[in-house]
Amino acid sequence: YPLRRQRQMCIRDRVSTQSTGYIMALRLGDKVPDFEADSTTGKIKFYEWAGDSWVVFFSHPADYTPVCTTELGAVGKLSEEWKKLNVKPIALSVDPVDSHHGWIKDIEETQHAKINYPIVADPSKKISDLYGMIAPNASDTLAGKLTVRSVFVIDPQKVLRLTLTYPASTGRNFDEIIRVIKSLQLTTHSKVATPANWKEGDDVVILPFVSNEEAKTLFPEGFKEVKPYLRLTKQPKSSH
């Protein structure tokens with residue numbers, strides 16, 4: 001097999017490697033591993049469930065924890081935004097499904113949000129290990145008994161496009177995650193990149209390999225050449 005194929009097989013088939021202390025990390029551009037698991041919405045076959053949508057897959061150290069409660073509520077409140085972007089959120093915790101269902105009641109009561117996306121149960125930590133969500137040396141994960149706050153943005157081809165890892169003590173910024181998804185969806189189909197602190201509607205950067213002649217065709221509204229390698233133009237329409 002080519003090296004890339006060998007690596008994908010290794011990622012797909014690996015299990016907990018606590019005996020060796022070695023875990024192969026998922027990297028941007030990798031096809032993420034499929035899995036089957038119980039969740040709050042029933043049995044999930046990940047690839048089948050994801051379909052042609054983008055996915056935000058995010059882990060939680062444990063049920064009935066304060067920061068996680070606010071995070072799950074925040075994701076629930078963004079339901080309409082996820083739909084507009086063709087994104088399916090899915091959470092994971094190492095506790096069982098029964099615990100998740102009880103916790104959801106608390107989340108909906110305290111955060112005033114509907115949890116209408118699945119929370120995967122991973123008591124064996126098989127999926128957590130598969131995706132590298134366990135950090136044994138992190139000070140706030142009880143020596144690897146809990147997951148850190150991992151985020152994986154996965155495109156419709158099941159390719160990993162973004163990873164973020166927060167310590168268990170720090171809640172995630174979902175506005176930033178949405179900002180990055182909008183950038184990924186835009187730049188996947190246009191020959192542009194988004195500059196620092198870009199927000200939807202701001203000017204974007206034309207990729208360096210695009211000649212000025214091609215840029216005139218691609219961006220008929222024109223562009224501003226700050227330097228030969230730094231050319232700004234209006235944001236093209238996004239497609240997702």
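User: What does the accessible surface of the chain come to?

Analyst: Accessible areas come from the Shrake-Rupley method with a 1.4 Å probe, and for residues only the protein chains shown count as cover. Here the chain's accessible surface is about 12,700 Å², and 53% of that belongs to carbon and sulfur atoms. This is a predicted model, in which local features need pLDDT of at least 70, side-chain atom pairs count only at pLDDT 80 or more, and totals for chains, interfaces and linings use all residues. Residues are numbered from 1 along each chain as its sequence is written, and side-chain values use heavy atoms, with hydrogens and water left out.

User: Which residues have the most contacts inside the largest nonpolar core?

Analyst: In soluble globular proteins, nonpolar side chains tend to be buried together. A nonpolar core is a set of buried (under 20% relative accessible area, 1.4 Å probe, protein chains only) Ala, Val, Leu, Ile, Met, Phe, Trp, Tyr and Cys residues joined through side-chain atoms within 4.5 Å. The largest core has 26 residues, and Val56, Phe58, Leu72, Trp82, Val153 and Ile181 have the most contacts inside it.

User: How are α3 and α5 packed?

Analyst: Two packed helices are described by the angle between their axes and the distance between the axes. Helices are DSSP runs (H or I, at least four residues), numbered from the N terminus; axes are lines fitted to C-alpha atoms over the stretch in contact, with angles from 0 to 180 degrees between N-to-C directions. For α3 and α5 the angle is about 70° and the axes are 9 Å apart. The two helices are therefore roughly perpendicular (65 to 115 degrees). Contact means heavy atoms within 4.5 Å; α3 contributes Leu72 and Lys77, among others, and α5 contributes residues including Trp103 and Ile107.

User: How much of the chain is buried?

Analyst: Of its 240 residues, 46% count as buried.

Terms used. Buried means under 20% relative accessible area, exposed over 50%, partly exposed in between (1.4 Å probe, protein chains only). Angles under 35 degrees count as roughly parallel, over 145 as roughly antiparallel, 65 to 115 as roughly perpendicular and the rest as oblique.
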